[in-house]
Amino acid sequence: MLNLELASSAEATSGAGFNARRAAMVVLGLIVVGLPFGLSGFRVFQLSQVIIYAIALLGLNLLTGFNGQISLGHGAFFAIGGYSMAILSAKFGVSYWFAIPVAGFLCFGAGFLFGFPALRLGGLYLALATFALALAVPQLLKFKPFDPWTGGVQGLLLSKPAAPLGLPLTRDQWLYFLCLLGAALLFWFSSNLVKSRIGRAMIAIRDHPIAAETMGVDLALVKTTTFGLSAAYVGVAGALSGLTVGFVNPDSFGLFLSLSIVVGIVVGGLGSIWGMVVGALFIEFVPNYADQISDVLGEGAKALPWAIYGVLLILIMYAAPEGAAGAGRSLARHGRRFLPRRESPSRGT
Amino acid sequence: MAAPWRGPGANDVSSAAALLSVADLSIRFGGVVALDGVSFEVAAGKICGLIGPNGAGKTTLFNCLSRLYNPQRGEIRFDGRSLNGVARRRIAELGVGRTFQNLALFGTMTVLENVMIGTHAIAAGGFIVNGIGLPFARHQERIIRERALALLEEFSLVDVAKARASDLPFGTRKRVELARALALEPKLLLLDEPAAGLSHEEVDALRAEIQAIRDRRGVTILLVEHHMNLVMRISDQVVALDFGRVIADGSPAEVRANRDVIRAYLGEAA
């Protein structure tokens, strides 16, 4: 076994760079916390959607970006999360504090189980199997015998919760902070995970499964657990979405949602954590902007927002083939070239 | 399934010191017999060279040792236990490290990460422990990093620690693989054609490196190699295979003088 003795614990963090980074984080944190107080209710609602998408994108990215398993059907887990939330709260009066984690666990179970057939399917075959999931779930939600639970084609209504403890927040503001709390926890968990031996195992499986197994990685366990974890993230996002929108409906969890999540992780950067925020901004706002651009172009272009969306997507893939995260990395590389070189004191000879 | 047959030396006094013993190992792919009753032993702390013309079954034997292939007959015993039926991923944990003929690095990972993952089998902690970042996991991570950095130092890889493995030249990538295989402090190191594709100078450096690895760590090394000069100079024992059978097993001098070995090589050259 690994000998847990540390030979030398000279863990010097280069001072100046670290502080600048920390200062930037604090400023960013203040902006994120302050935003809902300066914006209209609708804008706050949109930002909550962005946070929810970011959680879902991170979930899919753990599976696809880090572990190399393609899923075109994660909208299904979004649906399971949303419906778990709605059924627990509307039919059983369960508190959302309880219902959101339960939605996550249910989706973990569903994803973990789906991970087993996924073990036997690689690449495009897995994409097709998950595509089937995306097609099937919205239909199952409309299935007549399930109506007493799912509300059939009409879906289910949820009441948006008020802020607890008498906090002076509107419902939209409170939901924003609730989503932010969930995202903070899940992003923290993922960024720990991907830097650990488990993260290395996930990436190793993506890069070279046979070599990974030779290193002692349990392929089946890591792949199925990653599938479960990924589904859990998307399930929590679905639950938060149900709560924030106040409504779940089979048609809001269709194929389009599944594909949007895939678009989001590619735009944000495969195998990136924070790039998912950019991916989420993209899938929340760009369709709207495409709509506005098509309005500007006049009557003839009215029906073309998705064509404009498509052109934008292609342009982005040309400009940043590795997504926002890749663009950020190369920007940082180029930026460093123009800065004066600073000798780090800890590395003096 | 219990092993039906034990090697001739299974109860010998000499086998007590054998770290690895291969007995009557046979495997066929369709109609092709890749290994046919292969038996030999390697004593702890020795360097054993495995030679033979192309298609003799050397890599097949390695893949049986790493459990990538399942032999149809025979048994491999390592460190006192049978490897028959042991899961592929347990092999590293038992103390067998290996490199691959055509390299099997994790291309998108850095050199440091590639070496760090070499410790996977001997480290602990799953998704939750690592996701929450418990002190135990963080502490272990620091130790893994220290050990990997020491290996980078040993193999002159410090300068490329942050480089992506796939961006490096072939010779460097081979050293990364070697460092990765040693990260778990194996008892047995399997090297599959370590000299292939290396320049003359690199082969010389490799020879010194392999000997240093054995001398410093006392690790037993089984080496598949076409580079005769290298094999004959560093091996304590040489096993020659031809058409899936052992045709010679002894000291480098003995094997070099063996008629079957000469015939196998000249036959191929003609």
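Biologist: Helix 12 and helix 13 of chain A pack together. At what angle, and how far apart are their axes?

Modeller: Helix 12 (residues 275-296) of chain A and helix 13 (residues 305-319) of chain A pack at an angle of about 120°. Their axes are 8 Å apart. This is a predicted model, by the way. The general idea: two packed helices are described by the angle between their axes and the distance between the axes.

Biologist: Which word describes how helix 12 of chain A and helix 13 of chain A lie to each other?

Modeller: Helix 12 and helix 13 of chain A are therefore oblique to each other. The crossing of helix 12 past helix 13 of chain A is right-handed.

Biologist: Which residues of helix 12 and helix 13 of chain A meet?

Modeller: Helix 12 of chain A brings A:Val286, A:Pro287, A:Ala290, A:Asp291, A:Ile293 and A:Ser294. From helix 13 of chain A come A:Pro305, A:Ile308, A:Tyr309 and A:Leu312. By class, this contact has 8 nonpolar, 1 polar and 1 charged residues. Here is an idea to keep in mind as you read such lists. An α-helix has 3.6 residues a turn, so residues three or four places apart point the same way.

Biologist: Let me try another pair. How do helix 8 and helix 10 of chain A cross?

Modeller: Their axes come within 10 Å and cross at roughly 105°. That makes helix 8 of chain A roughly perpendicular to helix 10 of chain A. A:Ala201, A:Met202 and A:Ile205 of helix 8 of chain A make the contact with A:Leu219, A:Val222, A:Lys223 and A:Thr226 of helix 10 of chain A. The classes in the contact of helix 8 with helix 10 of chain A are 5 nonpolar, 1 polar and 1 charged.

Biologist: What is the wider picture for chain A?

Modeller: Chain A has 14 helices and 2 strands. Of its 349 residues, 45% count as buried. Take the contacts in chain A with a separation of 6 or more: residues 24 or more positions apart account for 77% of them.

Biologist: Over to chain B. What is the strand order in its open sheet of 6 strands?

Modeller: The order is 6-7-8-3-9-10, with mixed pairing. Strand 6 (96-98) and strand 10 (245-250) of chain B stand at the edges, each with a single partner strand, so one side of each has no neighbour in the sheet. From one strand to the next, the twist averages 20°.

Biologist: How do I read the pairing inside that sheet?

Modeller: Go strand by strand. Strand 7 (residues 188-192) and strand 8 (residues 220-224) of chain B run parallel, joined by 5 bridges. B:Leu191 stands opposite B:Leu223 in strand 8 of chain B. Strand 3 of chain B pairs with strand 8 of chain B in the parallel sense over 4 bridges. There, B:Cys48 stands opposite B:Leu222. Strand 3 of chain B also pairs with strand 9 (residues 237-242) of chain B in the parallel sense, over 4 bridges. B:Leu50 stands opposite B:Val239 in strand 9 of chain B.

Biologist: Which way do the residues of strand 3 of chain B point?

Modeller: In a regular strand the side chains alternate between the two faces of the sheet. In strand 3 of chain B, B:Ile47, B:Gly49 and B:Ile51 point one way and B:Cys48 and B:Leu50 the other way. Of the 5 residues of strand 3 (residues 47-51) of chain B, 5 are buried, so the strand is largely enclosed by the rest of the structure.

Technical notes:
Residues numbered from 1 in each chain as written. Chains lettered and ligands numbered in written order. Predicted model: local features only at pLDDT ≥ 70, side-chain atom pairs only at ≥ 80, totals over all residues. Buried ≥ 20, exposed ≤ 12 C-beta atoms within 10 Å, placed from the backbone. Contact = placed C-beta atoms within 7 Å. Axes fitted to C-alpha atoms, helices over the stretch in contact; angles between N-to-C directions. Parallel < 35°, antiparallel > 145°, perpendicular 65-115°, else oblique. Left-handed = near helix turned anticlockwise from the far one by under 90°. Nonpolar A, V, L, I, M, F, W, Y, C, P; charged D, E, K, R; others polar. Pairing = 2+ DSSP bridges.
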